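Student: I have a structure open and would like to learn how to read it. Could you take me through a few features?

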Amino acid sequence: MTQPAAVTDLIHERLAPFPRDHFLSAGDLNAATVPPLLDLADAFVDFNRQSSKSLDLMRGRTVMNLFFENSTRTSASFEIAAKRLGADVTALSPRTSSTAKGETLIDTAATLNAMKPDVLVVRHSASGAAALLSQKVGCSVVNAGDGRHEHPTQALLDLLSLRRAFGDVGGLTVAICGDIAHSRVARSNVALLSMMGARVRLIGPPTLVPGDADRWGCEVFHDMREGLQGVEVVMMLRLQLERMEGALVPSTREYFRFWGLDREKLGWARPGAKVMHPGPMNRGVEIDSDVADDLTVSLIQDQVEMGVAARMAVLAALSVRREADDPSTASRSPSPSLRDREETR
């Protein structure tokens, strides 16, 4: 394992401003800005595997987590990421906030803005909610999922998992399978994977694949055997029954029979193929436990670990950008690296 001092120095060396004031969609990144961000996240992976996990890169910063939808992995990983960077973290629950009393999203934004946070992490059921908030507040906004629109940090952590598993994402064939129509994860992953040179296939029943999916730059399949031929990565998606209007699948049992991933269907992919799932999983609906829990093929637990590191990279880079844009924050700049301190002695 890399020595703690070396990891800390590596983080400081790789730290650079985020390319935009906010992280609202995969389109806020490009093929040139993604690799350095992943390099920084890689350093945070090593850091997170140490016994001591405390930095002061965001000392004096305030991060607010505002989740209007249920979340375990995303909300917890953002909170852990911010705390490990040294930020003050506040988690706001809409169920106990004034939104439950009828306060509008814009009024909520104005109220939070008056408290002078530095980063607002938002999850909302309405597409475009994070973008709307970004126009009403003076801090950086990170989209933690907005309706069916996007979930950019999920795509970033998935890319980190794939790069660590395969070395290079360019040239990989990735099949995204299941409920494409209601998936913000699918949309962000299609954008980011394609941006980095991967070939993306979409597989699902006709009722759960958007009518314009053929214009996403992907191959579209409705048959798992045909769609999985030759793929190196199988990314399963949760069947989002709560977003469906009407019966789009005959039953969960029939859905698993045709589109759920089991050993037989995984055998149709290229030998050595890896399996992913953004969670939460519906075992026996979109994926079989035998596949999900097999660490020789499954990257699912790795995705959870990468989520903290990727979100640390995003928050740290946004913090550096804010410091660059506002000289008055110089007093809150991250501490110099250990190497810098040695050179000044």
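Tutor: We will go from the whole chain to strands, helices and single residues.

Tutor: Some ground rules come before that. This is a predicted model, where local features need pLDDT of at least 70, side-chain atom pairs count only at pLDDT 80 or more, and totals for chains, interfaces and linings use all residues. Residues are numbered from 1 along each chain as its sequence is written, and side-chain values use heavy atoms, with hydrogens and water left out.

Student: How many helices and strands does the chain have?

Tutor: Helices (H or I, at least four residues) and strands (E, at least two) are DSSP runs, numbered from the N terminus. Here the chain has 13 helices and nine strands.

Student: What share of the residues is buried?

Tutor: Buried means under 20% relative accessible area, exposed over 50%, and partly exposed in between (1.4 Å probe, protein chains only). Of the 345 residues in this chain, 53% are buried.

Student: How do I read strand pairing?

Tutor: Strands of a sheet pair through backbone hydrogen bonds, either parallel or antiparallel. Two strands count as paired if DSSP finds at least two bridges between them. Take E3, residues 119–124: it pairs with strand E1 (residues 62–67) in the parallel sense over five bridges, and Phe-67 has Arg-123 of E3 as its bridge partner. Five bridges also join E3 to strand E4 (residues 140–146), again in parallel; there, Val-119 is partnered by Ser-140.

Student: Why is E3 described as largely enclosed?

Tutor: Six of its six residues are buried, so E3 is largely enclosed by the rest of the structure. Val-119, Val-121 and Arg-123 cover one side, while Leu-120, Val-122 and His-124 lie on the other, and all are buried.

Student: In what order do the strands of the five-stranded sheet lie?

Tutor: That open sheet runs E7-E6-E5-E8-E9, with parallel pairing. Its edge strands, E7 (219–221) and E9 (274–276), each pair on one side only. From one strand to the next, the twist averages 20 degrees. Within the sheet, E5 (residues 173–177) and E6 (residues 199–203) share five bridges, and Ala-175 stands opposite Arg-201 in E6.

Student: And how do I describe two packed helices?

Tutor: Two packed helices are described by the angle between their axes and the distance between the axes. Axes are lines fitted to C-alpha atoms, for helices over the stretch in contact, and angles run from 0 to 180 degrees between N-to-C directions. Helix H6 (residues 152–166) and helix H12 (residues 300–325) have axes that come within 8 Å and cross at roughly 115 degrees.

Student: Is Ala-109 buried or exposed?

Tutor: Ala-109 is buried, because its relative accessible area is 0%. The residue belongs to helix H4 (residues 105–114). Leaving aside neighbours within four places in sequence, Ala-109 contacts Leu-133, Lys-136 and Val-137. Lys-136 is 27 residues away in sequence, with a C-alpha to C-alpha distance of 6.3 Å.

Student: Where is His-22 found?

Tutor: His-22 sits in the loop between helix H1 (4–14) and helix H2 (34–48). At 18% relative accessibility, His-22 counts as buried. Beyond residues up to four places away in sequence, His-22 touches several others, including Asp-28, Ser-140 and Leu-318.

How values were computed. Contact means heavy atoms within 4.5 Å.
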